[in-house]
Amino acid sequence: LFAAGRKHADDTPDDRRKRWLRDWRDSLDRWIGKPNAQQTALLEAAWESESPKLRTPAERAAVRLASHGRFIAGLATRTEPGLFARLIAHADASEKARSEAAEARERALLATIFDAADAKQRGKLKAILIELAGDFESLAAKGASVAAAAP
């Protein structure tokens, strides 16, 4: 259960930095291609401001353990109506706020990186988004036809 937490337990700060940067570069590569020099500099600067906000593996394990404890306590009442609402209500508000703040920082960084995109990167992103839009239109059409055929 906690093997993933132990996987990086002995990482040095430099290991964490390399993994964080690699994950961002890999994700960007799928959407826009290899980050350019300006984007790489933006990522490096973001790491400097983001790294103090990241939890250690032990802190992440403690948060997961507390979350699992709340979930297990909620399951004790699973035969009573409204289980899902109770599970949501017992979520840790500070964890939710922390997660929302991290997501907002990630969106801001992504917007800044996309602003620094060159023409080739913008073309790749546009092609992917057009393809996704087509996929969603197809899914919506299939969903509408299934709904119309339902009794």
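1. A polar contact is a pair of N or O atoms within 3.5 Å; within protein, one of the two must be able to donate a hydrogen and the other to accept it. Keep that in mind as you look at Gln-121 and Gln-39, whose side chains are joined by a polar contact of 2.8 Å. One caution before going on: the model you see is predicted.

2. Let us stay with Gln-121, which sits in helix H7. Is Gln-121 buried or exposed? Gln-121 counts as buried because its relative accessible area is 3%, and the cut-off for buried is under 20%.

3. Which residues surround Gln-121, if we leave aside its neighbours within four places in sequence? Its contacts are Ile-32, Gly-33, Lys-34, Pro-35, Asn-36, Gln-39 and Ala-116. One of these, Gly-33, follows helix H2 and has a positive phi, near 100 degrees.

4. Now step back to the whole of H7. This helix runs over residues 119-149, 31 residues in all. From its first C-alpha to its last it reaches 45 Å, close to the 45 Å expected at 1.5 Å a residue.

5. Buried in H7 are Gln-121, Leu-125 and Ile-128. An α-helix has 3.6 residues a turn, so residues three or four places apart point the same way. What do the buried residues of H7 pack against? Their partners are helix H2 (13-31), helix H3 (37-50) and helix H6 (93-115).

6. Further along H7 you will find Gly-143. Gly-143 counts as partly exposed because its relative accessibility is 37%, a value between the 20% and 50% cut-offs. Gly-143 and Ala-97 are 46 residues apart in sequence, and their C-alpha atoms are 34 Å apart in space.

7. H2 deserves a look of its own. Its end C-alpha atoms are 28 Å apart, which agrees with the 27 Å that its 19 residues should span at 1.5 Å a residue. The buried residues of H2 are Arg-16, Arg-19, Trp-20, Leu-21, Trp-24 and Leu-28. They pack against H3, H4 and H6.

8. Trp-20 leads us to the largest pocket, as it is among the residues that lie nearest the pocket's centre, along with Glu-50, Leu-54, Arg-55 and Glu-106. This pocket has a volume of about 720 Å³ and is lined by 22 residues. Which helix gives the largest share of the lining? That is H6, with 7 residues. H2, H3, helix H4 (57-75) and H6 each supply at least two residues. By kind, the lining divides into 12 charged, 8 nonpolar and 2 polar residues.

9. A last stop is Ile-72, in helix H4. Is Ile-72 buried or exposed? Ile-72 is exposed because its relative accessible area is 57%, and the cut-off for exposed is over 50%. Along the chain, Ile-72 and Leu-87 are 15 residues apart, and their C-alpha atoms are separated by 9.6 Å.

Technical notes. Residues numbered from 1 in each chain as written. Predicted model: local features only at pLDDT ≥ 70, side-chain atom pairs only at ≥ 80, totals over all residues. Heavy atoms only, no water. Helix = DSSP H or I, 4+ residues; strand = E, 2+ residues; numbered from the N terminus. Expected span 1.5 Å × (residues − 1). Buried < 20%, exposed > 50% of the residue type's maximum accessible area, 1.4 Å probe, protein only. Contact = heavy atoms within 4.5 Å. 1 Å grid on protein atoms, 1.4 Å probe; cavity = no way out; pocket = protein on both sides within 12 Å on 5 of 7 lines; lining within 4 Å. Points joined across faces, edges and corners; volume = space filled by probe spheres on them. Nonpolar A, V, L, I, M, F, W, Y, C, P; charged D, E, K, R; others polar.
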